[in-house]
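Q: I am new to this structure and would like to learn how to read it. Could we go through its features one at a time?

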Amino acid sequence: MHFHSVYLVAAVASAVCAAPTNSFFNNVYDFTPELEEFYSRVSDYIKNGNFGKDVSQVCDASNVSLPAQASGLPSPTGILKYVAIGRGTQNYTCSEPTKDTTPTQIGALATLYDASCIVANYPDLVDSATKIVLNYDLPTDNAATLPPVNVELLGHHYFEDATTPVFNLDTTAQDQFGIAISKKNASMVAPPGSVSGQNNSGDGAVPWLYLTTIAGTVGNFTSVYRVNTAGGAAPATCEGQAASFQIQYSAQYFFYVSE
């Protein structure tokens, strides 16, 4: 794990201190209720003396559980290795821009950021962060950190073909964490209350997924879960849509490895 709690404390705590609290400034700086909730949670940890009290702690996610709502998916096996926040687009095509045609999904593109340390120590912050990052600009492919939580780049998510999701965690010559090539094994509708899109406006959150790895995987990855999705769902019809279009989303990805 290359993201350490000492960095988390410095990065997030400084953001809390700098965050505007007056409602006028909140409006000026687009300080949304979701962002306020995130900083409020961090502030509570600091006030209670529970934030960064042991900066030597190991960012071990192995004892972290999937969200309770994921009971609609098969139970995980193996050991949880990474939890990542994914930020990107779900991609669609339309054969005709009519109300009688439905969008066809052709994969996704996302940048993955290592939230393993946060979820191991402050799990509620990850859920809050996954929602608020949707309202920030899309990160560039190799952006080193993801604002406002400043978690570090872990890898990239893309599709090898229409049905083969890839999670490439080999980002540099030094950071070689493997490549999970997968197939969809099971899915469930995003739970009620999921964020529907940017600024809570959109066509809904994409489903939660259970993916299992297939031949070509580099490393001992066995499965990947996509949970706590926000946005990404396509409109019901192609009316008024371009031949190809993207819908922004965020999500959490849980990576399991063999024991």
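A: We start with strand pairing. Two strands pair if DSSP finds at least two bridges between them. Helices (H or I, at least four residues) and strands (E, at least two) are DSSP runs, numbered from the N terminus. Here E1 and strand E2 (residues 104–114) pair in the antiparallel sense over nine bridges. In that pairing Thr 89 has Leu 109 of E2 as its bridge partner.

Q: What kind of model is this, and how are residues numbered?

A: This is a predicted model, in which local features need pLDDT of at least 70 and side-chain atom pairs count only at pLDDT 80 or more, while totals for chains, interfaces and linings use all residues. Residues are numbered from 1 along each chain as its sequence is written, and side-chain values use heavy atoms, with hydrogens and water left out.

Q: How many helices and strands does the protein have?

A: There are five helices and nine strands. Along the sequence the pattern is α-α-α-β-β-α-α-β-β-β-β-β-β-β.

Q: Which strand is joined to E1 by 14 bridges?

A: That is strand E9 (residues 244–257), which runs antiparallel to E1. Tyr 92 stands opposite Phe 245 of E9.

Q: Is strand E1 largely enclosed or open?

A: Buried means under 20% relative accessible area, exposed over 50%, and partly exposed in between (1.4 Å probe, protein chains only). Strand E1 (residues 79–93) has 12 of its 15 residues buried, so the rest of the structure largely encloses it. Over the protein's 259 residues, 49% count as buried.

Q: How do I read a nonpolar core?

A: In soluble globular proteins, nonpolar side chains tend to be buried together. A nonpolar core is a set of buried Ala, Val, Leu, Ile, Met, Phe, Trp, Tyr and Cys residues joined through side-chain atoms within 4.5 Å. The largest one here has 34 residues, of which Tyr 225 and Phe 254 touch the most other members. Helix H5 gives this core its largest share, four residues. Apart from it lies another core of 23 residues, among them Ala 108 and Cys 238.

Q: What does Tyr 225 contact?

A: Contact means heavy atoms within 4.5 Å. Leaving aside neighbours within four places in sequence, the contacts of Tyr 225 include Leu 66, Pro 74, Leu 209 and Phe 254.

Q: How is a pocket found, and what is its volume?

A: Rolling a probe the size of a water molecule over the atoms shows where empty space is left. On a 1 Å grid over the protein atoms alone, a pocket is an open set of points where a 1.4 Å probe fits, with protein on both sides within 12 Å along at least five of seven lines; lining residues have an atom within 4 Å of a point. Grid points are joined across faces, edges and corners, and a volume is the space filled by probe spheres set on the points. The largest pocket holds about 480 Å³. Among its 24 lining residues, the closest to the centre are Gln 90, Gln 105, Lys 184, Leu 209 and Arg 226. E2 supplies the largest share of that lining, three residues.

Q: Is Gln 198 buried, partly exposed or exposed?

A: Gln 198 counts as partly exposed, because its relative accessibility is 30%. It lies in the loop between E6 and E7. Gln 198 touches residues including Arg 87, Tyr 136 and Gln 248, not counting those up to four places away in sequence.
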